[in-house]
Amino acid sequence: MSPHPPSSSAPLTLEQLRFDNRLVRELPADPVSENSRRQVLGACYSRVNPQHVRQPQLVAYAQEVAALLDLPPEECRTENFTQIFAGNRLLPGMEPHACCYGGHQFGHWAGQLGDGRAINLGEVLNQRGEHWTLQLKGAGPTPYSRTADGLAVLRSSLREFLCSEAMFHLGVPTTRALSLILTGEQVQRDMFYSGNPQWEPGAVVCRVAPSFTRFGNFEIFSARNELDVLQQLVGFTLRADFPHLGEPGPKTYIAWFEEVCRTTAQMIAHWMRVGFVHGVMNTDNMSILGLTIDYGPYGWLEGFDPDWTPNTTDAQRGRYRFGNQPKVALWNLAQLANAIYPLINDVEPLQAALDIYRNQYQNAWQNDMANKLGLSEFTEQDNTLVDELQRVLQLTETDMTIFYRRLADIDLQLERDTFEGSTDSVLAPLNEAFYQKPAPEKLQSLLDWLQQYRQRLLQDYILHGTTTEQRRIRMNATNPKYVLRNYLAQQAIDKASEGDFAEVENLLALLRKPYDEQPHNQHYFARRPEWARHKAGCSMLSCSS
Ligand code: AMP
Ligand code: MG
């Protein structure tokens with residue numbers, strides 16, 4: 001909008017926020033204004049107001065996200081802020097609405113889903129000329145709520161709030177979270193699907209992203225053969241979210257799909273690098289901007305196990321298990337390709353774009369693995385080195401985060417001709433990573449791998465002059481020291497449920513600098529305690545949220 005955005009931004013009050021609601025203005029609206037659950041045809045969104053809540057209370061806010069909106073921290077601590085982001089008050093310029101989308105859930109077409117408990121408030125246009133959509137999650141029912149209540153509980157909202165910010169600071173593309181607010185209302189949830197629903201504190205998160213458009217937003221119009229709406233949505237998305245690609249048309253559609261393939265590949269490579277398992281990679285949970293979106297029953301790998309998923313609903317099949325995420329993303333991209341095919345009518349460039357995904361993912365992953373091991377580059381031989389490492393890591397339950405972080409501390413005696421020392425002294429830095437003491441033959445496998453690794457590092461030193469210190473710096477910039485371990489989030493939830501929000505603040509501060517040593521926070525660099533192994537919320541999660 002503004003051709004010359006000011007280079008520095010003045011802090012604003014909430015009332016001074018400027019809204020430029022492009023989506024509402026440019027896309028077809030649901031003509032029915034009644035907030036009733038139904039199929040919404042021929043429209044991209046329905047206008048709907050957040051539900052009034054009794055006694056909102058701010059739990060936490062993210063000052064970095066407020067800064068994106070030009071809001072200073074003081075403004076986030078006002079009663080006005082709490083009322084607005086609980087859904088009780090609208091600012092001038094806000095035009096609340098819920099979007100229509102469909103999706104493939106667990107491999108099957110599920111028809112209309114839509115924002116069943118998300119309400120977009122509008123698009124803030126900040127002083128740097130950026131658009132940021134504000135979205136309340138858990139602010140009451142919409143036409144897309146189907147049989148559910150449109151609400152969210154504290155435990156899932158707190159997990160979403162903290163993880164969005166943790167991922168951002170890890171360098172993983174993600175939607176952001178501005179605020180976490182208790183509503184003062186009780187919400188009924190059957191957490192274990194056991195027929196024992198309980199009352200839980202309700203909460204609302206305000207999520208922030210350039211847009212919340214999902215693969216499923218395109219799929220629904222294609223599935224319904226509403227091709228004119230599909231074309232409008234693609235055109236809008238190109239102009240709003242991909243302006244650098246140029247005017248919408250068949251050529252830009254392909255360039256756009258290629259870009260979605262690339263950004264999705266990068267996002268998945270990041271997940272694999274940090275040990276994140278999304279848990280519900282349905283196509284309605286895939287952002288068109290390649291952002292991690294919809295934090296539900298996600299989890300972090302503790303013991304390295306490619307077959308692990310935190311989602312109880314998927315435990316049997318493991319469709320969305322850690323090691324399957326790259327393949328699932330490709331499958332999801334293929335569904336998006338099918339959805340936009342009617343606008344392109346040519347299979348070949350879409351297939352070529354899926355190959356771009358494969359290549360991009362492989363390159364990103366290899367690059368990450370080289371960095372994780374402190375190598376200057378990934379070479380053909382490193383496939384064996386990495387495969388062997390992944391096998392060794394599964395011989396004994398080994399904490400992924402601690403292992404990679406401490407690997408940088410092993411003295412591999414590169415300056416000597418041979419690698420000496422007792423098993424105990426060489427492996428000492430890795431002891432903290434083992435959930436049980438490894439049997440001698442398993443330790444031997446690890447030592448054998450370390451010998452290969454050492455050879456590779458020597459070669460890297462000869463070819464590129466990479467010193468031990470350079471290796472450590474490279475590794476520690478890629479291997480986080482602190483991640484949002486499942487049990488850490490649960491401890492913050494337990495305390496917040498009793499009205500103590502200090503642990504949310506502690507974790508927010510900790511996870512701002514996940515690659516830094518933070519000696520005062522060393523106690524967070526620890527294996528999952530045994531009590532948390534089977535505790536609900538600490539290892540397995542249901543979709544109930
Ligand atoms: P999810 O698996 O959480 O991404 O949600 C899938 C679909 O269910 C989306 O359309 C959500 O909006 C909807 N949904 C999930 N939970 C609720 C809820 N409590 N109330 C209304 N809709 C919901
Ligand atoms: Mg979802």
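## What counts as buried

Here, a residue is buried when its relative accessible area is under 20%. Asn324, at 13%, is therefore buried. Keep in mind throughout that this is a predicted model.

Asn324 sits in the loop between β11 and α9. Leaving aside residues up to four places away in sequence, Asn324 touches Gly318 and Arg319. For a sense of distance across the model, take Ile119: Asn324 and Ile119 are 205 residues apart along the chain, and their C-alpha atoms are separated by 31 Å.

Trp308 is also found in the loop between β11 and α9. With a relative accessible area of 18%, Trp308 is buried too. What does Trp308 touch, not counting residues up to four places away in sequence? The list runs to Val277, Gly299, Trp300, Leu301, Arg321, Phe322, Asn486 and Ser539. As for Tyr320, which is 12 residues from Trp308 along the chain, the two C-alpha atoms are separated by 8.7 Å.

## The magnesium site

Which protein residues are donors of the magnesium ion, ligand 2? They are Asn285, through OD1, and Asp294, through OD, and they lie 1.9 to 2.1 Å from the ion. Buried or exposed? Asn285 has a relative accessible area of 10%, so it goes down as buried. Asp294 comes in at 15%, so that residue is buried as well.

Asp294 has something else to look at. Its place is the loop between β10 (276-277) and β11 (299-300), and its phi is near 65°, a positive value in a residue other than glycine.

## Another positive phi: Asp70

Asp70 is a further non-glycine residue with a positive phi, this time near 70°. Where is Asp70 in the chain? Look in the loop between α2 (63-68) and α3 (73-76). The relative accessibility of Asp70 is 5%, so this residue counts as buried.

## Strand β8 and its partners

Strand β8 covers residues 176-189, and it's mostly covered in the other sense too: 10 of its 14 residues are buried. Strand β2 (residues 57-61) pairs with β8 in the antiparallel sense, over four bridges. If you want a spot to check in the structure, Tyr61 has Ser179 of β8 as its bridge partner.

β8 also pairs with strand β9 (residues 198-209), again in the antiparallel sense, and here there are 10 bridges. One pair to pick out is Arg189 with its bridge partner in β9, Gln198.

## How α7 meets α9

Two packed helices are described by the angle between their axes and the distance between the axes. For helix α7 (residues 227-241) and helix α9 (residues 325-344), the angle is about 100° and the axes are 10 Å apart. Since angles of 65 to 115 degrees count as roughly perpendicular, α7 and α9 are therefore roughly perpendicular to each other.

Which residues make the contact? On the α7 side they are Leu227, Leu230, Gln231 and Val234. From α9 come Ala339, Ile340, Pro342 and Leu343. Sorted by class, the contact of α7 with α9 has seven nonpolar residues, one polar residue and no charged ones.

Technical notes: Residues are numbered from 1 along each chain as its sequence is written. Chains are lettered from A and ligands numbered from 1 in the order in which they are written. This is a predicted model: local features need pLDDT of at least 70, side-chain atom pairs count only at pLDDT 80 or more; totals for chains, interfaces and linings use all residues. Side-chain values use heavy atoms; hydrogens and water are left out. Axes are lines fitted to C-alpha atoms, for helices over the stretch in contact, and angles run from 0 to 180 degrees between N-to-C directions. Helices (H or I, at least four residues) and strands (E, at least two) are DSSP runs, numbered from the N terminus. Angles under 35 degrees count as roughly parallel, over 145 as roughly antiparallel, 65 to 115 as roughly perpendicular and the rest as oblique. Contact means heavy atoms within 4.5 Å. Ala, Val, Leu, Ile, Met, Phe, Trp, Tyr, Cys and Pro count as nonpolar, Asp, Glu, Lys and Arg as charged, and the others, Gly among them, as polar. Donors are N, O and S atoms within 2.8 Å of the metal (3.2 Å for Na, K and Ca); water is not among the atoms, so sites may look incomplete. Buried means under 20% relative accessible area, exposed over 50%, partly exposed in between (1.4 Å probe, protein chains only). Two strands pair if DSSP finds at least two bridges between them.
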